[in-house]
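Me: I would like to go through this model and ask, term by term, on what grounds each label is given. Please set the values against the definitions as you answer.

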Amino acid sequence: MNAVVIKCSTFGSAKGFGFQIGLLYIASFINRVSGHRVHYYDMQLDDDYSHLAEFIQANDVALAGITCNSHERHSAYDLAKRLRRDFADLKIAVGGAHHTIVREFPRNVPVDFYVFNDGEISLLKILDHLEAGNHDFSDIQDIAFLSETAYCLNPLQTVKKDIDDISLIDWSLLKRAEDYQLTLPIKGEPEIVPLLSSRGCPFDCSFCAARLMNFRTIRWMSPRVFVDELEKVLQTFPGKMVFIYDDHFLLKSKRLNAIHEEVRARGIEFQWGAYTRADAVDEQKIKIAREMGCRMLSFGFESGSNRVLKLMNKRITSSQQIRALRIVKKHGIVTRCSLILNFPGETLVDVLRTVVTLLRAGVKGSETIVANKVILFPGTAVFEKLRDTFLPADFSWERKYPDLPAYKDVPIYDSWLIRVRTRLKRLILKAHRLLTG
Ligand code: B12
Ligand code: SF4
């Protein structure tokens, strides 16, 4: 049976966001273990719907799967409606972060299956059932399926612990690899190619819904499989820098050492960057990371004020941040610190404290990335706290709200008072930038 998994175009031509690794994993896995043929289609590169329709026709596609984060849900729903209008028999599945977190199934959107958590096994089972003409989907865990007029929500299972067998991307799925221009916001750095070595996060920051997506677990690829993945990506994209999009690549030193050994044994040379938390950094790990070609580490710094870090449930202190950044800088690794401005409860004094922490850690203004507005993503503690103040009483993710301050269809924490405060806080950060370059 032929299927296609689709990334919608949400931010216009967002080539800088790159391909959707999750969909590539699904297609690679199903094609490897079954007789089904799953294609990958990226509307970020070509958002002309008529081209997608031609593709579906030409490839005799029986199921279209659309990925859907919260900010792209209306694009996903609109696409589902157009597909159903033009292809009455096409089965439509929607998966990804939004419905994994929010179990709302819009009644006017023609979706046959909602898939939660990892999609590899569930979508394979759906395709198997459809091919066999079996229309009883009640034995497939982690999905909701349309039965006559209502959705049946099947039992949810905890996520698959061993992710080795659902890893290894088949890069031939990516038809226009050269059209992605993935750059990090660092002058003179090479283009990047995204890669994963783990899934999930065990923490519970109050502005993030990671805890609802992977049952607060972290699942690791074995070092051998990760280095297989790495070798493949370097062959496919020679000369590019690899960016490891794990939530916590540096968390376990034993694993980092094992990856380092494997990379050395195979004689692989590469440059890479990754996300990290300050509490995962120590001298020994950074030494190994540098030896293995690490060029850049991106910190979820958020704030340099212990009071705000506590409000965020970040479980990191400003002293840990200072220590971590000093170590990383000492080893010549470029740093990026993302800051959140206007977290509920943050004052001007907290922003001053943030600047002091940045200065003590040796971070320049050019090394920070600032988010000015708190975005109210579903499932986060901050969303639950603020929904009554900022959202209509009958707020629903299903509806569009043209009057609500929105970040690409997700509400933001915003008011005239917050806007005034933002200006002042930005001035403080601007002073830091002017002082430090
Ligand atoms: C890497 C990453 C990025 C990269 C994207 C790289 C890429 N092109 O793939 C970058 C940095 C560009 C990015 C940007 C953004 N991101 Co981001 N990102 C992530 C991150 C850390 C990992 C995603 C990933 O690859 N996971 C691993 C793969 C295997 O899992 P997956 O993508 O979820 O896919 C699996 C399942 O969800 C499911 N599935 C997914 N789609 C479908 C479709 C079908 C049909 C089926 C059956 C199954 C299925 O199966 C997949 C395989 O198992 C996640 C956090 C996380 N831990 O997941 C946030 C996350 C997805 N991002 C998020 C956000 C908010 C954003 C931004 C809006 C941030 C911003 N403020 O600008 C932008 C939007 C960009 C865009 N155009 O969509 C949120 C989404 C929250 C939500 N409620 O929707 C997340 C969950 C972070 C968080 N915890 O809050 N992001
Ligand atoms: S912000 Fe980072 S550390 Fe915190 S819960 Fe989200 S992914 Fe985990």
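Me: Why is Val382 called buried?

Reply: In this predicted model, Val382 has 23 C-beta neighbours inside 10 Å and therefore counts as buried, the rule being that a residue is buried if 20 or more other C-beta atoms lie within 10 Å of its own, exposed if 12 or fewer, and partly exposed in between, with C-beta atoms placed from the backbone. Val382 is placed in helix α13 (residues 381–390), where helices (H or I, at least four residues) and strands (E, at least two) are DSSP runs numbered from the N terminus.

Me: What is Val382 in contact with, leaving aside its neighbours within four places in sequence?

Reply: Val382 is in contact with Ser206, Phe207, Pro344, Val374 and Leu376, since two residues are in contact if their C-beta atoms, placed from the backbone, lie within 7 Å. Between Val382 and Asn313 there are 69 residues in sequence and 11 Å in space, C-alpha to C-alpha.

Me: What conventions of numbering and confidence lie behind these names?

Reply: Residues are numbered from 1 along each chain as its sequence is written, while chains are lettered from A and ligands numbered from 1 in the order in which they are written. Because the model is predicted, local features need pLDDT of at least 70 and side-chain atom pairs count only at pLDDT 80 or more, whereas totals for chains, interfaces and linings use all residues.

Me: Why does Asn69 count as buried, although it lies in a loop?

Reply: Asn69, in the loop between β3 and α3, has 22 C-beta neighbours inside 10 Å, so it counts as buried. Leaving aside its neighbours within four places in sequence, Asn69 is in contact with Gly96, Ala97 and His98, while Asn69 and Ala53, 16 residues apart in sequence, are 23 Å apart in space, C-alpha to C-alpha.

Me: What makes the chain as compact as a globular protein of its length?

Reply: The chain has 14 helices and 17 strands. Its radius of gyration is 22 Å, close to the 22 Å that the globule rule gives for 437 residues, so the chain is as compact as a globular protein of that length; the radius is taken over C-alpha atoms, and the rule is 2.2 Å times the number of residues to the power 0.38. Of the 437 residues, 40% count as buried, and residues 24 or more positions apart account for 76% of the contacts with a separation of 6 or more.

Me: How do you know that β11 pairs with other strands?

Reply: Two strands pair if DSSP finds at least two bridges between them. Strand β8 (residues 192–195) and β11 have four bridges in the parallel sense, with Ile244 as the bridge partner of Leu195; β11 and strand β12 (residues 272–276) have three, again parallel, and there Phe243 stands opposite Gly273. Further along, β12 and β13 pair in the parallel sense over five bridges, with Thr276 opposite Phe299.

Me: Why are both faces of β11 called covered?

Reply: In strand β11 (residues 241–244), Met241 and Phe243 on one side and Val242 and Ile244 on the other are all buried. Strand β13 (residues 294–302) is mostly covered, seven of its nine residues being buried.

Me: Which residues come nearest to ligand 1, and how is the shell around it classed?

Reply: Of the 42 residues around ligand 1, Gly22, Gly65, Thr67, Gly95 and Gly119 come nearest, a residue being near a molecule or strand if its C-beta atom, placed from the backbone, lies within 6 Å of it. By class the shell has 24 nonpolar, 13 polar and five charged residues; Ala, Val, Leu, Ile, Met, Phe, Trp, Tyr, Cys and Pro count as nonpolar, Asp, Glu, Lys and Arg as charged, and the others, Gly among them, as polar. Helix α1 gives the most to this shell, with five residues.

Me: What surrounds ligand 2?

Reply: Ligand 2 is surrounded by Cys201, Phe203, Asp204, Cys205, Cys208, Ala210, Asp247, Arg277 and Gly300, which divide into five nonpolar, one polar and three charged.
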